[in-house]
Structures are given as structure tokens and as C-alpha cells.
Amino acid sequence: MEIDPAVINIRALRKTYARGAEEVHALQGVDLRVEHGEFVAVVGPSGSGKSTLLNLVGCLDTPTAGEYFLDGIATHRLGDRDLAFVRNQKIGFVFQSFNLLPRMNAWQNAALPLAYGGERRAGRRKRAEAALDRVGLSPRRDHRPNELSGGERQRVAIARALVNNPSMVLADEPTGNLDQKTGGEIMRLFEELNREMRVTLVIVTHEPDIAARCRRVVRIVDGLIVEDRSAA
Ligand SMILES: Nc1ncnc2c1ncn2[C@@H]1O[C@H](COP(=O)(O)OP(=O)(O)O)[C@@H](O)[C@H]1O
Ligand SMILES: [Mg+2]
């Protein structure tokens, strides 16, 4: 363990996929350090390795080589079970397509990450409703996803991401399925969560106006970080 670790500390990270007989070098040696409370956009052309990087940062996949310390934990040394536990405790996910369960209502969706911990239903419900309240969706807590607008669905997904008080929230193109106005509202919510709750955020986007609202922009081209720029 390091003393006062960064949320993300990545060294010489590589990811190689097999595509038939061919190898795809999606990440070719990435170094990245993200501190608690940062708000980072990851940008770059299609196929540059953004999602691959986010999946590795999210412990959804394992690197071919390199090291990844999450809150000081050497995740590259963990097996699947420990990795799943770290993922559940420390990371909230927001996806472009919301990924809500259609048969569950808003609070049940928001409560899903709590199922792991063995907490009783009443406690899970209370925490899920607090998370829904945080994203302004309390009045919709008993609605199913098909009774909600796109922006409301993404808010449920954000409540789900926050419900475990994770070390960071990762979002892959979170505004990609929303119109411009709704996407702007979701970005405003992220800004608020970052400012008021000090939620660490990493957002993958190919939209320049979304990236412009993040305090730090990391640009990836061909599996390498080519630019890392912080707002003054
Ligand atoms: N599961 C996979 N198997 C094989 N190749 C993959 C896989 N996932 C991504 N790739 C390849 O890795 C490269 C980076 O992909 P990705 O990380 O999805 O880029 P981005 O999110 O920036 O569009 C691309 O060439 C893509 O085709
Ligand atoms: Mg992608």
C-alpha cells in the first residue's frame, strides 16, 4: 500500500486483443494518475482505446501488462473474485445505453449494487431513495425504465453508480443517447456531484463541448496518451 494513494495510478498499461490470427494493440503503454476529487474527460478518435482504458480502470477487464493501483490496491495482482469485490465497493458505472433492468423500478435499479453486501431490503431501499433524491428523481422512484425519459433513465443510472459511495464514477459516452439539452443537464449534474460531494469522475466522450466542461482532458490516439491538459 502507498501512503495517501491516488484513486487511479496506472503504469505502463498495455492491452492486446486477439482478432482471429491478428493482434490488436489497443493500449500501448499508458501512464495515468488521477487524484481524489478530479473531473477528467478521456477523448480521442474512434478506435483509439478509450473504452479499453475505461474498462481496465473499472476492473471490468484485466491488462496484458502493466500495473494499476486503485486507492493503493494492486488490482493487477487480484483474481476475478477479489476484482469483482473491488469493483462493487469502489466503482460506480454509467453507460451510454443506461443498462437498467426493465422489470425493476427506479429505486430497485438504484439499489442493485447493494445486493452484494447482504444488507436488508429496508436499508437498501432507504439508501437507494437517498441516491435518487441526490439526482432529483425522488418523485419517479416507483417508475420502471419504460415509464421514464432518457434523461431520467440516465439519472437512475447515476443514482445506481453513487449508491455505494464509490471512490470514483466512470462514464462511457454518458450523453451519447441524449439530445443536446438533456445531455447538458446530465453534465450539470456531474459538475454538481463533483463540486458538492467531491465525487471523482472519469468521462469518456468524443463530443468537444462535453470535454470542454471537464477540468482535465486526457487525449488518446492509437493506444497512447498524447495530451494531458488541466484547466487553469
Ligand atoms: N474485445 C475486443 N476484441 C478485439 N478487438 C477489440 C476489442 N475491443 C476493442 N477492440 C479493438 O481495440 C481498439 C480500441 O477499441 P476501443 O477501446 O473500443 O476504442 P474507442 O473506445 O476509443 O473507440 C480498436 O481497434 C478495437 O477494434
Ligand atoms: Mg468506445
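Modeller: For sorting residues, Ala, Val, Leu, Ile, Met, Phe, Trp, Tyr, Cys and Pro count as nonpolar, Asp, Glu, Lys and Arg as charged, and the others, Gly among them, as polar. This is a predicted model, in which local features need pLDDT of at least 70 and side-chain atom pairs count only at pLDDT 80 or more, while totals for chains, interfaces and linings use all residues. Residues are numbered from 1 along each chain as its sequence is written, with chains lettered from A and ligands numbered from 1 in the order in which they are written.

By that sorting, the shell around ligand 1 holds 7 polar, 3 nonpolar and 2 charged residues. They are Tyr17, Arg19, Val24, Ala26, Gly44, Ser46, Gly47, Ser48, Gly49, Lys50, Ser51 and Thr52; a residue belongs here if its C-beta atom, placed from the backbone, lies within 6 Å of the molecule. Helices (H or I, at least four residues) and strands (E, at least two) are DSSP runs, numbered from the N terminus.

Now for the rest of the chain, which has 7 helices and 10 strands. In all, 41% of its 232 residues count as buried, that is, with 20 or more other C-beta atoms within 10 Å of their own; 12 or fewer means exposed, and anything in between partly exposed, with C-beta atoms placed from the backbone.

Helix H4 shows this burial well. Arg124, Arg127, Ala128, Ala131, Leu132 and Arg134 are its buried residues. Seen down the axis of H4, they fall within an arc of 155 degrees, so they line one face of the helix; the arc is that of the directions from the helix axis to the C-beta atoms. They pack against helix H3 (106-111) and helix H5 (150-162), where contact means C-beta atoms, placed from the backbone, within 7 Å. Just after H4, Gly136 takes a positive phi of about 75 degrees.

Gly118 is exposed because 7 other C-beta atoms lie within 10 Å. From Gly118 to Ala171 the C-alpha separation is 26 Å, and the two are 53 residues apart in sequence.

Notes. Contact = placed C-beta atoms within 7 Å.
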